[in-house]
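I wanted to go through this chain with the coordinates open and note down what could be looked up, one spot at a time. The entries follow in the order in which I made them.

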Amino acid sequence: MGSATRRLIGTCFGVGRLPLAPGTWASALTVAVFFWIYGQGDSLFGAPLCTPEHGVALACLGLICVLGVAVGRHAKDDYGEEDPPSFVLDEVVGQGIALLPLLPGYLEPTGVVVAFLAFRLADIFKFPPCGWLERRGGGLGIMADDVAAGGYGALAVFALGVLR
């Protein structure tokens, strides 16, 4: 795979080149895709924890993560830095993980907002172990910190559901 193809994938087909906060744009795109795919359901927190919808979403996120690790291994060569802001495939995976507790069913707006904000805050402020994982470097380091931040987002959504 050539450098131009890796950059196209890493920037999520150019989303990472949007001005100001490319990671936030990628997170918003992920929310929009989840609404497009899962927005027609009929339940939220009363649903079982593991459904076919979870399996499909996890499989897709897993494939994107593996692709992100492979493409991210070349980030230094392709972008001139180890974890460039325009590489946003990691935000797609992390935001997707944060949204998982909302499946199956209708993506209730409050839950989506909590997932979005909790993931972005964990990603920006690098709550432990996010910063440590990011420092691992390479494609794995690029992806791992956002997977952990996505876990924080998922925990926040789950906590919201438990408190309801």
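Predicted model: local features only at pLDDT ≥ 70, side-chain atom pairs only at ≥ 80, totals over all residues.

**Entry 1, Gln95.** I began with the side chain of Gln95, one polar atom of which lies 3.5 Å from the backbone oxygen of Ala115; a polar contact here is a pair of N or O atoms within 3.5 Å, where, within protein, one must be able to donate a hydrogen and the other to accept it, and where residues adjacent in sequence count only if both atoms are side-chain atoms. I then asked where Gln95 is found, and the place is helix 5, helices being DSSP runs of H or I with at least four residues and strands runs of E with at least two, numbered from the N terminus. Gln95 counts as buried because its relative accessibility is 0%, the cut-offs being under 20% relative accessible area for buried, over 50% for exposed and in between for partly exposed, with a 1.4 Å probe and protein chains only. Leaving aside neighbours within four places in sequence, I found Gln95 in contact (heavy atoms within 4.5 Å) with Ser27, Thr30, Val31, Ala115, Phe116 and Phe119.

Residues are numbered from 1 along each chain as its sequence is written, and side-chain values use heavy atoms, with hydrogens and water left out.

I listed eight helices and zero strands. The radius of gyration, taken over C-alpha atoms, is 15 Å, close to the 15 Å that the globule rule gives for 164 residues, so the chain is as compact as a globular protein of that length; the rule is 2.2 Å times the number of residues to the power 0.38. Buried residues make up 48% of the 164 residues, and among contacts between residues at least 6 apart in sequence, 76% join residues at least 24 apart.

Which residues touch the most other members of the largest nonpolar core? In this core of 33 residues they are Phe87, Leu99, Leu103 and Leu107, a nonpolar core being a set of buried Ala, Val, Leu, Ile, Met, Phe, Trp, Tyr and Cys residues joined through side-chain atoms within 4.5 Å. Two or more residues each come from helix 2 (22–38), helix 3 (52–72), helix 4 (75–79), helix 5 (89–99), helix 6 (109–125), helix 7 (130–134) and helix 8 (138–163), and helix 8 gives the largest share, six residues. Apart from neighbours within four places in sequence, Leu99 is in contact with Thr30, Val31, Phe34, Val112 and Ala115. A second, separate core has five residues, among them Cys12, Val15, Val88 and Val92.

I checked the length of helix 2, whose 17 residues should span 24 Å at 1.5 Å a residue, and the end C-alpha atoms are 24 Å apart, which agrees; the expected span is 1.5 Å times one less than the number of residues. The buried residues of helix 2 are Pro22, Gly23, Ala26, Ser27, Thr30, Val31, Phe34 and Tyr38, and they pack against helix 3, helix 5 and helix 6. I set beside this that an α-helix has 3.6 residues a turn, so residues three or four places apart point the same way.

Is Asp78 buried or exposed? Asp78, in helix 4, is buried, with a relative accessible area of 10%, and its side chain makes a polar contact of 2.7 Å with the side chain of Arg6.

Pro128 and Pro129 are joined by a cis peptide bond with omega about 5 degrees, and Pro129 is found in the loop between helix 6 and helix 7. Lys126, which is also placed in the loop between helix 6 and helix 7, has a positive phi of about 55 degrees although it is not a glycine, and is partly exposed at 23% relative accessible area. Cys12, in the loop between helix 1 (3–10) and helix 2, has a positive phi near 55 degrees and is buried, with a relative accessible area of 13%.
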